[in-house]
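Let's take a walk through this structure together.

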There are 4 protein chains.
Amino acid sequence: MNMSYFKDVEKIKFEGTSSNNPLAYRYYDADQMVLGKSMRDHLRWAVCYWHSFAWPGNDIFGAGTFERPWHPGELVTPELAQIKLDNAFDFFTKLGAPFYCFHDVDAMAAHNTPAEYSRELEAIATKMEGKIAETGVQLLWGTANLFSHPRYAAGGATNPNPEIFAWAAHQVRSMLEVTHQLGGANYVLWGGREGYDTILNTNLSQEMDQLGRFLNMVVEHKHKIGFDGTILIEPKPHEPTKHQYDRDTATVYGFLKHYGLEKEIKVNIEANHATLAGNSFEHEVAVANAYGIMGSIDINRGDPQNGWDTDQFPNSVPELTLVIYHLLKGGGFTTGGFNFDAKVRRQSIDPQDMFYAHVGGVDVLAKGLLAAAAIIEDGTLDGFVEQRYAGWKEAFGQDILSGKSDLASVADYALNGNISPKQVSGRQEMLENLINKFA
Amino acid sequence: MNMSYFKDVEKIKFEGTSSNNPLAYRYYDADQMVLGKSMRDHLRWAVCYWHSFAWPGNDIFGAGTFERPWHPGELVTPELAQIKLDNAFDFFTKLGAPFYCFHDVDAMAAHNTPAEYSRELEAIATKMEGKIAETGVQLLWGTANLFSHPRYAAGGATNPNPEIFAWAAHQVRSMLEVTHQLGGANYVLWGGREGYDTILNTNLSQEMDQLGRFLNMVVEHKHKIGFDGTILIEPKPHEPTKHQYDRDTATVYGFLKHYGLEKEIKVNIEANHATLAGNSFEHEVAVANAYGIMGSIDINRGDPQNGWDTDQFPNSVPELTLVIYHLLKGGGFTTGGFNFDAKVRRQSIDPQDMFYAHVGGVDVLAKGLLAAAAIIEDGTLDGFVEQRYAGWKEAFGQDILSGKSDLASVADYALNGNISPKQVSGRQEMLENLINKFA
Amino acid sequence: MNMSYFKDVEKIKFEGTSSNNPLAYRYYDADQMVLGKSMRDHLRWAVCYWHSFAWPGNDIFGAGTFERPWHPGELVTPELAQIKLDNAFDFFTKLGAPFYCFHDVDAMAAHNTPAEYSRELEAIATKMEGKIAETGVQLLWGTANLFSHPRYAAGGATNPNPEIFAWAAHQVRSMLEVTHQLGGANYVLWGGREGYDTILNTNLSQEMDQLGRFLNMVVEHKHKIGFDGTILIEPKPHEPTKHQYDRDTATVYGFLKHYGLEKEIKVNIEANHATLAGNSFEHEVAVANAYGIMGSIDINRGDPQNGWDTDQFPNSVPELTLVIYHLLKGGGFTTGGFNFDAKVRRQSIDPQDMFYAHVGGVDVLAKGLLAAAAIIEDGTLDGFVEQRYAGWKEAFGQDILSGKSDLASVADYALNGNISPKQVSGRQEMLENLINKFA
Amino acid sequence: MNMSYFKDVEKIKFEGTSSNNPLAYRYYDADQMVLGKSMRDHLRWAVCYWHSFAWPGNDIFGAGTFERPWHPGELVTPELAQIKLDNAFDFFTKLGAPFYCFHDVDAMAAHNTPAEYSRELEAIATKMEGKIAETGVQLLWGTANLFSHPRYAAGGATNPNPEIFAWAAHQVRSMLEVTHQLGGANYVLWGGREGYDTILNTNLSQEMDQLGRFLNMVVEHKHKIGFDGTILIEPKPHEPTKHQYDRDTATVYGFLKHYGLEKEIKVNIEANHATLAGNSFEHEVAVANAYGIMGSIDINRGDPQNGWDTDQFPNSVPELTLVIYHLLKGGGFTTGGFNFDAKVRRQSIDPQDMFYAHVGGVDVLAKGLLAAAAIIEDGTLDGFVEQRYAGWKEAFGQDILSGKSDLASVADYALNGNISPKQVSGRQEMLENLINKFA
């Protein structure tokens, strides 16, 4: 088998909407300026190592379908880890991806003990540093996998056994330092097992305190080593656990506030996690904006008829338009970006399929960005919303919000004035049509 | 029509499990002592006015089916309000209910203006005070309906129009004072319209600030008038809105914390709202315990195959066993109680059906209480959980939790010890069998 | 109040995509030819009477918000029924709707007995006949409401009481004949209560036999009176019942086949019912095509985060593109059409909102039609699918399908050939990108 | 590692409800007579090979956690297959299981080609035959795995490539014959990949025809070889596919009817598949009864908050009571039985956990059987339902059902009689209380 898996695919180019080439960008023109910033800088998109390079195409009912030279899904030798790395950066480069993301175990060779872990992680980190320098592809974020190994069956930071907490601390310290070494822009924690399989054997309060302490330790260490990227939590309601403690953005905010972390940690919102939690994707972004914890986005989609994390490539321009609209209203990304936490389907077995998937996904982002920018430039939507709340800008509303009025004085206003407020239309259908005009 | 709707039903008695009388309690013996407290004092159960006396048996696809002398579902005259009141207290008394709950508009006569509202509310409150004195049935909580009138289509406290906020303030001030007057143990806020129909026309952050201010005003007023009951928020994820700001207990906690209210307001958890939000009922109680905001419970159930608020009477002893187990572990109710926020089905048109429903529901609570107490007295479950986290009681675990250790020292413990923690069984199936032994 | 509710809105025109007029069609140009047929004839769209003229803007938690001269939601006098009719046809005409749909009770005046029902239905039918003649707006389908009146709480055809079955037969006979009289193209049965609230009190098999007999009686009567429109069943999984017998298209097919009706009755697929049943909208159309029972479509949408029938106006062009693609592949509508079974939101209280809603919905259909036609003309998708199954056109595949081969001979082919079939990509992402190119 | 994995567990005995031994049956007394038949013969329960012996404790986010001498989850040697077989029958025997079930690949050694498949399957079948003779444990059903191997990524019978259909035919012929050889009572087809990942690349009608032909071939072969067990289809809505063609019992019935198979094939209903499809477990049994296709049951449960197949051990006595009630009303099992298609949780890593799980599950079945029998013997429920439909036994109802009346005559009855049927209560709450009295 030839070790260069993507050798038959050329670098992907922008060819515009008139192109019929399925391996060209139709909307994503990296240098095109949109609201004063290039598409590249708006989107800051990344390829993820795990789905694209470490997953063998298995699912819970079937074995891996992908035949790739680096043996995804197996514990690999340093040689195979090198082949994987070479192909990964070849893919990033051919795609023109500005960023990538990875877990420790996605990229490194097999290991059993903490000492072997350190050795193999350092080995691959050094090689990766070279690749970054060589290609210019940057690390959007690093993370440690605290969910795949059997030791984490009952959680990492929330494990009933403090020794397993210590293993988790070892991995997170290491990956935080590697992320710093590689110039990563953020560090992410997804607590896939930080929850419970059954509440029957679980001390919820104890586990939350463990997790709160763990996150504080991570923040302290970040400052100690001088890492100035953002620490991010990725909310998810469940799967693999029955219930995960960071079920959605609002839940994470409460948790952060409880443990004094709301100024230190932001969220990495995933589309499919949002919908599994019963929220729309744009809602999660709006909540993160409201609480000041908007960090980064894992871009993918779920299947509206399926109740698990399908991690499909995004394909809805209207949905992305609303998400990017809210993102832009909140000021856009600072350290964050759009990470393609998405996997090609199990039947998509060819190297070309990985390109089709990412090219389509990037174009959906680009088209969504153009639509969101157009909505903002048009101004109708923003103007409508501002007008709708205009009463709160006047004295009576301002006195309420500022605390000048109290319940009695406001109630007396109603009673003494014997008021009868006029109903006004919410204009939902008109606004939906407006979005459709642009998206 | 005879105005005494329940005249054919006798007072419900406890007859024990050997009884075949469908209108007798089989488990609920009010004075029976369980873990040192009577069943009545553990459960503190209430009948709700709205489903049982103000709802006419309609649903979104069909008209009311109930023919009752007080004309439920219509705007009523003071005379009909009186007939409703008489029948309600007759029902409470025949059932042996220690408590009831009501919204302003459930009990009062028709009104249009703030002034008429005050007049009619005061009129019914005075009569109710008499009924309480006469029967000994107490008010578990009062609340104001800020969702049924067209004026609240876009919310009460979160309305874009501050005049509607003022109407809401008028109702809440009035009902808070009436609740105080009637000796109510709690005051509840369910924000059925405090959310959005579409995020397109919504300023989320503005609306949350309005709601935060509103709640602070309520708390200030409570202290001002000397009401020492508990202020409670009732979480719900959606319906009638697409999204409600207080979707579940964890979300409410974050909100309270953000607006400085976490010491002042607790939650009134509803079973059906919990499951609509994607949480188990017992989970919500456990989270409220963990955050110190456990207040009261609206007891009902949803249908696991239907995605709306069916508000059925509870019938699952195993579920209630777990809920009451967690409730007892958190110390049991103080001011809270179990309010039957449940309605008989639309086809259950007879006076007897209201008794069947409540008798069955109370017995499920009683049986669940007995089972939960037996689990606690047995000690196996508590012992198992304590043992599972025993490592955290030792020095290494304590140093982590207390902040004595930092990330580096804990990671070094793993690395230098080159540790290999042993896996242990979580024993989920054994514990499930244990619950089934008691429930 | 002026009785002409829509007097301030002009007839809606096609102005093309450059128009900024929110009350103009941007894509729907009725006479534009698409694949050899006009848009009007492809879409055959209809306005529904119930949501637009009989619903007062209430929901299960709140009263009606709409102030309209004909008093929607109330039992009306013949005079109000006339005002409603005048406004309805004014609306249809201003919108340029080729069709409308109605239930008996949507349009007629109040009545209590079977005799009064006949009198009032005949009265409005006569007036409606005049309106049809006057405006040219046609009846897509008629139907009888067997779910709103309390008598139908336990079902119409499936009621435990055969007298209620008789009331249902009276309504359906009447409305079938009225539909015939008015030149309706189809007759629809939606069995909103033909299911159960609890399986505990239900004889499922008995109820299915009742429903099977009822449908056979309807079909016999149709032939007897010479109505040559199509009889349609509208599947829905639940709501208002816990479970409805015609939960989705595949279920309806089995039911029809069991009662010998599969050549006589087709389905009226509703978008929101499809998704509540756990199917995608396009899946339902594809299944109806496969079984030869594709009839008509109720066009609307649900909310992906809400578990009830929200009946919103459609706004997803990509979804409609797939639906119309499958519709066209099955030959397009014959007697069926797209009926807007959708309601403006409760806050959309103005006459203009009804126009915004329908104009946006019609444009989404038109754009979806254009996109679907483009996909068919492009040919890539069809070609890909045909090629994917090409093996089944060859002798080995044909012998299997025709019954020439048996299990042993086919198994022997594998065993004796010791075959090792080559994997090929399913190209899901490439095809998703292809749809996005057109939709 | 000792090869006898269960050596530390004794044979499980019935000890009654007073026992505190977690490894004893509290309700399941195999020879106890219930409604004239032993518990063993009512329940006909089976242990499944796949979850208990072939699954390594992995999930989609984590590796296997089980350390077992036969290396579950790996391609095994004949020697390991033998160790697995020995332990499986040791487990069945210690548990006192009357039956077991297996897929070809669960039990056999590794193989690549059709010829190797035949050789290894025959080898293990011969050994299994010996084990059956030795232990008396019988085969409830056999089945072929047409979903785990990469060749089946796009389906078995519904694959676009007829060669893969041939591989599937080879497996199914072989396993059907092995099932016959081993005296199996049924043969099951679960079409885990007989559906689609995306409708975009799918010819639904073609795939359904392939599947219809496949099932007909299986039925023909069954008769040819003289197998007199029942052929069963196991419905499931989705997972691993987006949509599976046999989504629930009603869908399967329509499919069977379409392909002329409704007299030949019955359903194997799985609890967790039922609820994933949006149906209650008891509903599926009632529908299978109504259509005459009730075959067997895969007993497990899902998690009401999780949207995937969790395959947990059953623990709800109330739910099982209703299921067994319907089962008994339909005449009980003939060839079918309760197969524990359930897996211990990933943290339940000890041999004891497998016993806890099955012992608890069997006891839930036994308690449900006792409760269902008590409900039947009590007669209140059956009597209520019969009375509810009593009108249909009279002349007017009988004439409708028999076809003697037509729509006009029934409608005339209503019109001429100007009828006004009386409403009666559905008594849902009373019946729910009744179930709780027994369950």
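A residue is called buried here if 20 or more other C-beta atoms lie within 10 Å of its own, exposed if 12 or fewer do, and partly exposed in between, with C-beta atoms placed from the backbone. By that rule His273(A) is buried, because 30 other C-beta atoms sit within 10 Å.

A word on what you're looking at: this is a predicted model, where local features need pLDDT of at least 70, side-chain atom pairs count only at pLDDT 80 or more, and totals for chains, interfaces and linings use all residues. Residues are numbered from 1 along each chain as its sequence is written, while chains are lettered from A and ligands numbered from 1 in the order in which they are written.

Back to His273(A), which has its place in helix 9 (residues 271-276) of chain A. Helices (H or I, at least four residues) and strands (E, at least two) are DSSP runs, numbered from the N terminus. Not counting residues up to four places away in sequence, His273(A) touches Pro235(A), Lys236(A) and Pro237(A). Touching, or being in contact, means that the C-beta atoms of two residues, placed from the backbone, lie within 7 Å.

His273(A) also turns up in a record: an unreviewed UniProt entry has the annotation "binding site" on Glu270(A), His273(A), Asp309(A) and Asp311(A). These residues are spread over 42 residues of sequence, yet they cluster in space, with a largest C-alpha distance of 10.3 Å. UniProt positions are given in the numbering used here, feature names are shortened, and annotations may be inferred rather than shown by experiment. Glu270(A) belongs to strand 12 (residues 265-270) of chain A. Is Glu270(A) buried or exposed? Glu270(A) is buried, with 28 other C-beta atoms within 10 Å. Leaving aside neighbours within four places in sequence, Glu270(A) is in contact with Glu234(A), Asp298(A), Asn300(A) and Asp341(A).

The unreviewed UniProt entry also has the annotation "domain: Xylose isomerase-like TIM barrel", covering residues 119-283 of chain A. That span is 47% helix and 15% strand, and its end C-alpha atoms lie 43 Å apart.

Now hop over to chain C and find strand 6 (residues 99-103). Five of its five residues are buried, so strand 6 of chain C is largely enclosed by the rest of the structure. Phe99(C), Cys101(C) and His103(C) are buried on one side, and Tyr100(C) and Phe102(C) are buried on the other. Strand 6 of chain C runs parallel to strand 5 (residues 46-48) of chain C, and three bridges join them; Ala46(C) has Phe99(C) as its bridge partner. Strands count as paired if DSSP finds at least two bridges between them. Strand 6 of chain C also pairs with strand 7 (residues 138-143) of chain C in the parallel sense, over five bridges, and there Phe102(C) has Gly142(C) as its bridge partner.

Which residues have the most contacts inside the largest nonpolar core? They are Tyr100(A), Tyr100(B), Tyr100(C) and Tyr100(D), in a core of 560 residues. A nonpolar core is a set of buried Ala, Val, Leu, Ile, Met, Phe, Trp, Tyr and Cys residues joined through C-beta atoms within 7 Å. Not counting residues up to four places away in sequence, Tyr100(A) touches several residues, including Ala46(A), Phe92(A) and Leu139(A).

How do the chains meet? The contact between chains B and A takes 82 residues from each. Helix 7 (residues 204-225) of chain B gives the most to the side of chain B that touches chain A, with ten residues. That side divides into 44 nonpolar, 24 polar and 14 charged residues. Here Ala, Val, Leu, Ile, Met, Phe, Trp, Tyr, Cys and Pro count as nonpolar, Asp, Glu, Lys and Arg as charged, and the others, Gly among them, as polar.

A rotation of 180° with 0.0 Å of shift along its axis superposes chain B on chain A (RMSD 0.0 Å). The two copies are thus related as by a two-fold rotation axis. Superposition is by least squares on the C-alpha atoms of residues with pLDDT of at least 70 in both copies. Gly254(B) comes closest to this axis of the residues of chain B, at 1.7 Å (C-alpha).

Finally, 26 residues of chain B are in contact with 26 residues of chain C. The side of chain B that touches chain C has nine nonpolar, ten polar and seven charged residues.
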